[in-house]
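Student: Hey, I've got this protein open on my screen and I'd like to talk it through. Can you help me read it?

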Amino acid sequence: MSGLNASLGYFLSVAIFAGLVQMLLRKWPRFNFVSEFASSFMLVGCWLEIQTIMEVGQWAGGLGQDVTVTMLFVLLLTNGVLCAGTPGNPSLVVQKFLQLEAGPLPTALAVAAQFIGAHLALLTARYYWSLELTDMHMIKNLMSTECSTSLLVSVVQGFFTECACALIFHLIQLNLQRRSALIRVPLTAVLLTFFSHIARSYTSAFMNPSLAYGLTFHCPGFTFKEYAVVYWLSSLTGMMLALLLYMGHIPRLFAKNLLYVQKTRFRVPKGDKPEKKKN
C-alpha cells in the first residue's frame, strides 16, 4: 500500500501544478499554448507512473491490473476536467488547424509546448524514481535506462493499429465536440481507457504524438524513425481520414465536398405560368 500512497501523492502534485497553470492563464487566452504545456505535462507525468505500476507494481507492490485501469481512467477524467479546451494532444490541435478554427502560429506554439511538456514530464518522473521512495520505485529507477517499449508488434502492424484506433477516436470526438462537457469528458475518458486496454499487446493505442514521445520513444527496440511512423504519422493519418469522413472534405486543404452532396433545405418556388390570352 505504501507504493500506491506514494503514487497517489505524485499524481496529486502533478494535477495541482497543471490546475494552477490553467487558473493563472485563464485570463490571458493569447498564452493558451502554455496551458497545452501543462496538460501534456500532466498526461505524460502521470501515465509514466501508471506504466511503472503495470511493469513493477504487480509483483513489487501487489497492485493488480484493475488498479492500473482505474487509475488511468481517473487520470484521463481529471485531465479532461482540469485542462478543458487544452487536451495536450497534437493531433487534436492540428485537427482544429485543418478545420480553419486555429491559425498557423497558435498551432505551432501549441504543438511545441506539448512536446516540451512531455519531455519535462519524463525528466521529472525520472527524478521522482531516483528518490526511491518505495521498493517499486527503486526497481523502476534501476530499469529506467532499459524500459520496455509499448510497440510490441512490427512497424506495419503498429501503424495500422494506431491508425484504426485514431480514426475511430477522432470520428467519435468530432461527433461529441458540440455536446456538453458533462457528456463529452467522461465518454472521452472511457473511450481512451478502453483503447489503451485492448491494444496493450500491440501499441497501447496512445493516439497522441506527444504522449507517445514521452512514454516510449526513449525505450530500446525500435529507431526514432520507426516510432515516428507508428505513433506520429499514423495518428495524423487517422485524424485526417476521420475529418474527411465526417465533413466530406478537409477545409484547410480543399473546399469542395468530395463525399457528400449538399442539398438545399428549401425549394425555390417555380414561377407561375403565364395565362393564355383569350381570343
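Student: What share of the residues of the protein chain count as buried?
Tutor: Keep in mind that this is a predicted model. Of the 279 residues in the protein chain, 44% count as buried.

Student: OK, and how many helices and strands does the protein chain have?
Tutor: There are 10 helices and 0 strands. Reading from the N terminus, the elements go α-α-α-α-α-α-α-α-α-α.

Student: What about contacts between residues at least 6 apart in sequence: what percentage join residues at least 24 apart?
Tutor: In the protein chain, 75% of those contacts join residues at least 24 apart.

Student: Let's do helix packing. How do you even describe two packed helices?
Tutor: You give the angle between their axes and the distance between the axes.

Student: Now α3 and α8. What angle do they pack at?
Tutor: About 145 degrees, with the axes of α3 (residues 65–82) and α8 (residues 181–198) 9 Å apart. The crossing of α3 and α8 is right-handed.

Student: And which residues touch there?
Tutor: On the α3 side, they include Gln65, Val69, Leu72, Phe73 and Leu76. On the α8 side, Val185, Pro186, Ala189 and Thr193 are among them. The contact of α3 with α8 has 11 nonpolar, 5 polar and no charged residues.

Student: I clicked on Thr70. Which helix is that in?
Tutor: Thr70 lies in α3. With a relative accessible area of 47%, Thr70 is partly exposed.

Student: How far apart are Thr70 and Thr193 in sequence and in space?
Tutor: They're 123 residues apart in sequence and 8.8 Å apart in space, going C-alpha to C-alpha.

Student: Changing topic: where is Gln99?
Tutor: Gln99 sits in the loop between α4 and α5.

Student: Is Gln99 buried or exposed?
Tutor: Gln99 is buried, because its relative accessible area is 11% and the cut-off for buried is under 20%. Leaving aside neighbours within four places in sequence, Gln99 is in contact with Leu174, Gln177, Leu243, Met247 and Pro251.

Student: What about helix α9, how many of its residues are buried?
Tutor: In α9 (residues 209–216), 7 of the 8 residues are buried, so the helix is largely enclosed by the rest of the structure. Among them are Pro209, Leu211, Gly214 and Thr216.

Student: Which aromatic cluster includes Phe217 and Phe224?
Tutor: It's one made up of Trp47, Phe115, Phe206, Tyr213, Phe217, Phe222, Phe224, Tyr227, Tyr231 and Trp232.

How values were computed. Residues numbered from 1 in each chain as written. Predicted model: local features only at pLDDT ≥ 70, side-chain atom pairs only at ≥ 80, totals over all residues. Heavy atoms only, no water. Axes fitted to C-alpha atoms, helices over the stretch in contact; angles between N-to-C directions. Helix = DSSP H or I, 4+ residues; strand = E, 2+ residues; numbered from the N terminus. Left-handed = near helix turned anticlockwise from the far one by under 90°. Contact = heavy atoms within 4.5 Å. Nonpolar A, V, L, I, M, F, W, Y, C, P; charged D, E, K, R; others polar. Phe/Tyr/Trp six-rings, centres within 6.5 Å; stacked < 30°, edge-to-face > 60°. Buried < 20%, exposed > 50% of the residue type's maximum accessible area, 1.4 Å probe, protein only.
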